[in-house]
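Here is a short report on one protein model. Look through the sequence and the 3D view before reading on.

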Amino acid sequence: MPNHSEVTSAVASEANAQYSPRLCNEDLAPTRDQNWSWYNIFSFWMSDVHSMGGYVVAASFFTLGLASWQVLLCLLVGICIVQLCANLVAKPSQMAGVPYAVISRQAFGVFGANIPAIIRGLIAFAWYGIQTYLAANALMLVLLKFFPTLSSMTQSSWLGLSQLGWCCFGVMWLLQAMVFWHGMSAIKRFIDVAGPAVYVVMVALAGWIVYKTGFDGISFTLASKQLSTGEQTWQMITATALVVSYFSGPLLNFGDFSRYGKSMGEIRRGNRWGLPFNFLLFSIVTVVIVSGTQSLFGRMITDPIETVSMVGNDVAVAIGLLTMIIATIGINIVANFVSPAFDFSNCSPQKISFRTGGMIAAVGSVLLTPWNLFQSPELIHYTLDVLGSFIGPLFGILIADFYLIKRSKVYVDDLFDDTPKGRYWYRGGFNPKAIAALLPSVGICLVISFIPSLHAVANFSWFIGVALGAGCYRWLARADREESVAAYRATVAVQED
């Protein structure tokens with residue numbers, strides 16, 4: 001007697017047989033297994049928030065010259081904006097059961113969707129290598145702590161990385177690939193553990209800091225400069241924008257995970273607990289630790305790995321650093337492995353599977369030699385700013401198309417129809433209006449990124465991109481909206497009759 005998984009697979013294959021092989025494979029097809037609860041979505045955001053990057057971002061806001069209540073208000077407002085946007089972008093993928101790359105076909109056309117898919121894949125491409133390097137660096141600290149003789153392997157380097165560095169990078173690369181290779185079910189189980197594990201370490205580290213310094217050593221205002229009322233207001237607005245920008249990448253492809261949600265109610269609940277509540281608590285714990293390092297070590301340390309390594313107990317150091325490594329693996333898989341896996345698979349479904357797409361990103365991240373990029377902050381700043389200039393317009397076009405033009409409707413079968421009869425065929429499989437809206441929106445964001453005098457405005461490039469992308473597309477596709485409204489009214493009239 002066949003088991004349940006075999007029956008489910010057979011049913012799914014039969015149902016997907018009508019779809020074009022140029023647009024569909026087992027990973028891109030609508031999922032029949034929408035079993036993620038609110039806790040799984042909550043864990044997804046925990047893994048995203050509880051990273052070394054998230055720690056540094058939250059800690060840096062307390063150095064802007066703002067009072068503690070002002071910083072926490074900025075964090076809360078910023079993360080609430082992220083929560084709202086996450087709910088918006090989750091709905092079409094949850095309704096259709098398809099990833100971000102496939103739902104983009106609705107706006108860009110069945111083949112035009114490769115444009116946003118490749119852009120998002122390349123952004124993840126760069127960040128995947130950098131996060132893997134950071135985790136490898138943490139592993140190297142653990143090894144050198146317990147095996148000092150390994151320091152001889154750090155004397156020589158090849159392509160900018162020492163012999164021990166290559167070994168650690170290879171270990172982290174393999175660990176991430178092993179988790180990813182077992183599919184989304186394994187990834188779900190991993191992130192269910194990774195996020196909470198970091199909380200345990202962070203709270204324990206905060207407790208140790210308070211024990212060493214006493215409550216008098218904890219100050220919630222870490223800045224050494226005084227700001228005027230106008231300067232404080234601008235810094236608060238900037239900090240709020242930076243919170244949204246930090247999450248803009250995972251936010252864009254949140255549909256890769258919301259497609260597995262049981263319902264939108266479960267997803268909204270997971271977003272509510274995983275974003276405002278979780279992020280604010282994480283920020284409070286972070287500032288306790290950062291403030292305590294200033295009192296304890298005479299300087300403010302914003303690198304969590306460095307802070308953990310300065311704890312006196314070797315076992316505590318090992319556990320803390322290994323947990324940080326697990327957290328980095330979690331965020332890397334969530335934000336930078338799953339996304340390019342679906343995105344690259346979307347380009348050639350029959351030749352590139354979910355696994356193959358992910359491994360393309362993994363191999364490419366090594367060829368990128370991310371440790372060299374990380375050693376050049378100016379290069380990393382401009383490279384990721386350029387890639388990030390695409391995220392806002394892509395998000396704006398996707399949201400405007402689904403809610404304003406298509407009136408929250410998705411015709412799933414047409415997402416996999418590569419004939420002129422399909423609703424999303426447009427012109428040769430490409431939607432010229434979406435592409436026409438994308439180009440000037442991205443162009444303006446790029447200009448803002450590269451002109452030094454506009455550096456202060458560059459922090460708002462995501463918001464500018466969203467507004468430009470959505471506004472341009474809404475105007476260009478206004479005739480399509482009128483047709484959708486007419487069709488909707490006709491359907492309502494028939495139902496009333």
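What share of the contacts in the protein chain with a separation of 6 or more comes from residues 24 or more positions apart? Such residues account for 84% of those contacts. Contact here means heavy atoms within 4.5 Å.

## The model and its chain

This is a predicted model, where local features need pLDDT of at least 70 and side-chain atom pairs count only at pLDDT 80 or more, while totals for chains, interfaces and linings use all residues. Residues are numbered from 1 along each chain as its sequence is written, and side-chain values use heavy atoms, leaving out hydrogens and water.

The protein chain has 24 helices and two strands. Both are DSSP runs, numbered from the N terminus: helices are H or I with at least four residues, strands are E with at least two. Of the chain's 497 residues, 54% count as buried. Buried means under 20% relative accessible area; exposed is over 50%, and partly exposed lies in between (1.4 Å probe, protein chains only).

Two packed helices are described by the angle between their axes and the distance between the axes. Axes are lines fitted to C-alpha atoms, for helices over the stretch in contact, and angles run from 0 to 180 degrees between N-to-C directions.

Helix H2 spans residues 38–49, and helix H15 spans residues 314–336. They pack at an angle of about 115°, with axes 8 Å apart. That makes H2 roughly perpendicular to H15 (65 to 115 degrees; under 35 is roughly parallel, over 145 roughly antiparallel, the rest oblique). H2 brings Phe44, Ser47 and Asp48 to the contact; H15 brings Ala327, Gly330, Ile331 and Val334. By class, the contact has four nonpolar, two polar and one charged residues. Ala, Val, Leu, Ile, Met, Phe, Trp, Tyr, Cys and Pro count as nonpolar; Asp, Glu, Lys and Arg as charged; the others, Gly among them, as polar.

## Helices H20 and H21

Helix H20 covers residues 391–405, and helix H21 covers residues 432–450. Their axes come within 9 Å and cross at roughly 150°. H20 and H21 are therefore roughly antiparallel to each other.

Pro393, Leu394 and Ile397 of H20 meet Ala434, Ala437, Leu438, Ser441 and Val442 of H21. This contact has seven nonpolar, one polar and no charged residues.

## Cysteines

The structure holds zero disulfides. A disulfide is a pair of cysteine sulfur atoms within 2.5 Å. Cys24 is buried, with a relative accessible area of 7%. Cys74 is buried too, at 2%.
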